[in-house]
Amino acid sequence: MGRYDFGQQKDMKGTDSWKWDKEGKECPYPLGVADTDFLPPPEVTGAVMKKAAQGNFAYGVMPQAFYDSVSRWYKKRHDADVDADWVTYSPGLIVAIKMLMEAVSHVGDNVIIQPPVYFNFSLIISRNGRNILENTLIYENEGYRIDFEDLERKAADPRTTMMIFCNPHNPVAHAWSREDVERVAEICRRNHVFVVSDEAHSDILYQGTRHVPFICVSRETAMNSASINSAGKTFNTNGLYVSYAIIPNRQIRDAFEIAYANHHFDFSMIGVPAQIAAYEHGDAYTDELNGYLWDNIMYLKHFLEEKMPEVRMVKPNATYLMWLDFHGWDMDSDQVDGFFRSAGVALNKGSIYGAAGDGFMRLNVACSRSVLEEAMEAVYERYKEFFNK
Ligand SMILES: Cc1ncc(COP(=O)(O)O)c(C=O)c1O
């Protein structure tokens, strides 16, 4: 074991978390919501406690260390040059998407997404009076690829002004290659489509996979894009509401700030020091986390191959959200969901990620191995009964 004991399961019931006090109440094995079950590094909790001990929760002044920590993290983890001046705070990634939508598009414009994809993208687009244009991913050989011809057509529509790119892609567990990112960037730049690259899962990478920050592809791309991110997925701090947008284009950054000011949001005095500490001290934690998660993924893969071979796992190179193909069972997502819940396991239904996700389920492996094993054994018992095996 390394410095961090990810196998140590903490019962977090009674902490008002979605995972434990909502999903976990319905099912003993909550493997749906995209939090980890792991304690953050002690420096992160320490930073929150230090702030609490100061006893001053008044309006704050954003410390420069916040912007610098993002710049340093992108350099350390992705070898990317991010100027601290490009970084802007946002309480959440979806809030950042809304602000960017206000900055670069108008009501009635088209926004491209690539289903199956994180469901809040389509919600935020339609709630803000924009049209969703679906550039559906192509599923083949237990993996996904981008339909570039279709993207080209949709980007060329003069009403299309923005695209939300998800990299790594939730829920298909895929970090896009440099070639893919460059091609998306080129198509969008040529068609004057601004790209918001959601990089929430960019720290969780396997087997030498590299993350390609969208804004760093080229100088031209930097002027036509924003990368948004947070420490939440990696360090289990989603409830602290600290995210950021990296916007190299000065004009767009100013427009973002105006959109932000229009909502009169401020920042979290407790959350900001936590993010600074995570990025300052979280290197070894992130490396060890990736190792632990990969072992869980391999366990799941072998379990499925041996015991439930009709279920296919889409080949992952990133994220802890595994995308399982249940078409071999000839059931829709609702039926598969009902089956899992009857075994006490909560997953996310593939259909919530768009029609292209029907027949799939998303399973979060960011739990201790023992929990994953117990959950899968419970599923297997139910499977034998249900399919008369
Ligand atoms: C790709 C992606 N973007 C955004 C979010 C949500 O981020 P936030 O809660 O900061 O809005 C998630 C959460 O699962 C996600 O997977």
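1. Strand β15 (residues 360–364) has 5 of its 5 residues buried, so the rest of the structure largely encloses it. Here a buried residue has 20 or more other C-beta atoms within 10 Å of its own, with C-beta atoms placed from the backbone. Strands are DSSP runs of E with at least two residues, helices are runs of H or I with at least four, and both are numbered from the N terminus.

2. Please keep two conventions in mind. Residue numbers start from 1 along each chain as its sequence is written. The model is predicted, and local features need pLDDT of at least 70, side-chain atom pairs count only at pLDDT 80 or more, while totals for chains, interfaces and linings use all residues.

3. Which strands pair with β15, if pairing requires at least two DSSP bridges? Strand β12 (residues 321–325) runs antiparallel to β15 and is joined to it by 5 bridges, with Asp-325 opposite Phe-360. Strand β14 (residues 348–349) also pairs with β15 in the antiparallel sense, over 2 bridges, and there Lys-349 faces Met-361.

4. The protein chain is split into domain 1 (18–42 + 283–386) and domain 2 (57–281), with bounds taken from an automatic or database domain assignment. Their contact takes 31 residues from domain 1 and 33 residues from domain 2, where contact means C-beta atoms, placed from the backbone, within 7 Å. On the side of domain 1 that touches domain 2, the elements giving two or more residues are α12 (283–307), β12 and β15. The largest share, 6 residues, comes from α12.

5. The largest nonpolar core has 116 residues, and Leu-100, Val-195, Ile-246 and Val-365 have the most contacts inside it. Such a core is a set of buried Ala, Val, Leu, Ile, Met, Phe, Trp, Tyr and Cys residues joined through C-beta atoms within 7 Å. Helix α4 (residues 93–104) gives the most to this core, with 8 residues. Both domain 1 and domain 2 contribute residues, so the core lies between them. Leu-100 touches Val-196, Ala-226, Ala-245 and Phe-256, leaving aside residues up to four places away in sequence.

Notes:
A residue is buried if 20 or more other C-beta atoms lie within 10 Å of its own, exposed if 12 or fewer, and partly exposed in between; C-beta atoms are placed from the backbone. Two strands pair if DSSP finds at least two bridges between them. Two residues are in contact if their C-beta atoms, placed from the backbone, lie within 7 Å.
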